[in-house]
Amino acid sequence: MERLLTPRQVAEILGVSFITIKRWIYSGKIKAVKLPTGKWRIPESEVKRILGEKPPEETRAVIYARVSSSDQRKDLERQVEYLTNYCSAKGYKLVQVITDVASGLNTRRRGLQKLFKLVSEREVDVVLVTYKDRLTRFGYEYLEYFFHQFGVRIEAIHGEEKKNAQQEFVEDLIAIVTSFAGKLYGARSHKKKKLVQGFKQLLKEVEGE
């Protein structure tokens with residue numbers, strides 16, 4: 001009997017979200033079996049069919065790595081090295097390595113814009129990242145949907161963000177407060193500086209508890 005996989009297992013194998021797999025089931029893009037319990041199961045042959053749409057050696061891969069600040073350069077290098085080895089192990093054809101040193105909230109990152117261009121011009125088949133948050137802190141599924149419209153999938157090797165990435169998340173929170181404060185009081189306003197400094201102090205107090 002053929003092995004049946006859960007939608008979450010298939011999502012992990014294909015490097016897409018659980019919601020995307022459910023959407024594919026309902027649209028008929030991927031064949032699935034509905035159990036008496038109402039749950040869906042996907043034949044392993046279907047996964048192989050989708051993966052086999054293009055041989056690994058013909059699959060054009062782009063590596064995307066990101067850190068928030070310049071003092072995290074070592075981590076950036078580790079991301080690139082890990083993804084390069086992963087790409088080689090999968091047999092993909094590495095097209096380009098793109099890196100950014102910027103907040104995950106910054107949608108105008110130079111590297112991210114370059115990636116968008118490659119995707120929209122259909123010059124890549126798969127984008128490799130270590131964690132989903134390397135691409136974006138919020139709205140990952142929208143980005144995934146956009147890429148999918150051009151036949152590009154994202155493979156987030158480790159899925160969700162590392163639990164010990166607290167410092168980077170704190171920096172993103174500060175970036176959000178700074179942005180909103182600038183819009184409320186003006187970029188050089190004393191009130192803006194006071195609000196941001198107060199927020200930073202609050203975070204320190206919370207971390208110290």
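So, the largest cavity: about 40 Å³ of space lies in it. By cavity I mean a set of points on a 1 Å grid over the protein atoms alone where a 1.4 Å probe fits but cannot get out. The volume is the space filled by probe spheres set on the points, with points joined across faces, edges and corners. Keep in mind that this is a predicted model, where local features need pLDDT of at least 70 and side-chain atom pairs count only at pLDDT 80 or more, while totals for chains, interfaces and linings use all residues. Side-chain values use heavy atoms, with hydrogens and water left out, and residues are numbered from 1 along each chain as its sequence is written.

With a cut-off of 30 Å³ or more, the count is one cavity. What lines the largest cavity? Val 16, Thr 20, Trp 24, Glu 144, His 148, Val 152, Arg 153 and Ile 154 do, where lining means having an atom within 4 Å of a point. Helix H2 (18-27), helix H6 (140-148) and strand S7 (153-156) each give two or more residues to that lining.

Where does the largest cavity lie? Domain 1 (4-51) and domain 2 (60-156) both contribute lining residues, so the cavity lies between them. Those domain bounds come from an automatic or database domain assignment.

On to the rings. The structure holds five aromatic pairs, meaning rings of Phe, Tyr or Trp (its six-membered ring) with centres within 6.5 Å; planes over 60 degrees apart count as edge-to-face, under 30 as stacked, and the rest as tilted. One of them is Tyr 26 with Trp 40, edge-to-face at 6.3 Å centre to centre and 80° between the planes. Tyr 26 is in helix H2 and Trp 40 in strand S3 (residues 40-43), so this pair ties together parts 14 residues apart in sequence.

Phe 116 and Phe 146 are also edge-to-face, 5.7 Å centre to centre with 80° between the planes. Phe 116 sits in helix H5 (residues 110-120) and Phe 146 in helix H6, 30 residues apart, so the pair links distant parts of the chain. Ring pairs also join Phe 116, Phe 146, Phe 147 and Phe 150 into a cluster.

Last, charges over rings, which here means NZ of Lys or CZ of Arg within 6 Å of the ring centre and within 35 degrees of the ring normal. Arg 8 lies over the face of Phe 18, 4.1 Å from the ring centre. Lys 29 has its charged end over the ring of Trp 24, 4.3 Å from its centre.

Note on methods:
On a 1 Å grid over the protein atoms alone, a cavity is a set of points where a 1.4 Å probe fits but cannot get out, and a pocket is an open set with protein on both sides within 12 Å along at least five of seven lines; lining residues have an atom within 4 Å of a point. Helices (H or I, at least four residues) and strands (E, at least two) are DSSP runs, numbered from the N terminus.
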